[in-house]
Amino acid sequence: MAIWRSNKLGQAASLKQILKRCSSLGRKQQQEDQELVDVPKGHFAVYVGEARSRFIVPISFLAHPEFQRLLQEAAEEFGFDHHMGGLIIPCEEVVFRSLTSMLR
């Protein structure tokens with residue numbers, strides 16, 4: 001039980017770090033500031049696929065295990081040091097669209 005609880009706390013800390021990064025990244029460059037203006041409150045930007053297509057997704061997606069798995073893969077592959085003004089998600093765009101349509 002203690003291991004499960006510790007793992008959940010680690011995931012929560014990771015999610016908080018991701019959100020903190022998303023909210024502060026755009027302040028570094030004026031162009032990124034402009035892009036963040038179109039992100040409504042309660043949402044965040046992600047970049048998906050080889051072409052890095054930009055999607056705006058609701059924060060509520062963070063509660064879904066499938067989306068959390070994508071975030072874990074993103075952290076493992078890209079870390080948290082990026083400069084695109086949003087998270088890079090390592091999956092094909094078609095798969096991401098399918099997943100997000102099921103989460104809505």
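The expected span of a helix is 1.5 Å times one less than its number of residues, and I kept that rule at hand while looking through this predicted model.

**Entry on helix H3.** I looked up helix H3, residues 65-78, and found that its 14 residues reach 20 Å from the first C-alpha to the last, close to the 20 Å expected at 1.5 Å a residue. I then asked which residues of H3 are buried, and the list was Phe-67, Leu-70, Leu-71 and Ala-74. These four cover an arc of only 100° around the axis, which puts them on the same side of H3. Past the end of the helix I came to Gly-79, which follows H3 and has a positive phi, near 70°.

Next I turned to strands S1 (residues 43-48) and S2 (residues 53-58), which run antiparallel and are joined by six bridges. Is Arg-52 buried, partly exposed or exposed? Its relative accessibility is 30%, so Arg-52 counts as partly exposed.

**Entry on Ala-45.** Within strand S1 I picked out Ala-45 and looked up its cover. Ala-45 has a relative accessible area of 3%, and because buried means under 20%, Ala-45 is buried. I then checked Ala-45 against Ile-88, which is 43 residues apart from it along the chain, and found their C-alpha atoms separated by 8.9 Å.

**Entry on the whole chain.** Last, I stepped back to the chain, which has four helices and three strands, and from the N terminus on its elements run α-α-β-β-α-β-α. Of its 104 residues, 34% count as buried. Among contacts between residues at least 6 apart in sequence, I noted that 53% join residues at least 24 apart. As for the surface, the chain exposes about 6800 Å², and carbon and sulfur atoms supply 54% of it.

Note on methods. Residues numbered from 1 in each chain as written. Predicted model: local features only at pLDDT ≥ 70, side-chain atom pairs only at ≥ 80, totals over all residues. Heavy atoms only, no water. Pairing = 2+ DSSP bridges. Helix = DSSP H or I, 4+ residues; strand = E, 2+ residues; numbered from the N terminus. Buried < 20%, exposed > 50% of the residue type's maximum accessible area, 1.4 Å probe, protein only. Arc of directions from axis to C-beta. Contact = heavy atoms within 4.5 Å. Areas by Shrake-Rupley, 256 points an atom, 1.4 Å probe, with all protein chains shown as cover.
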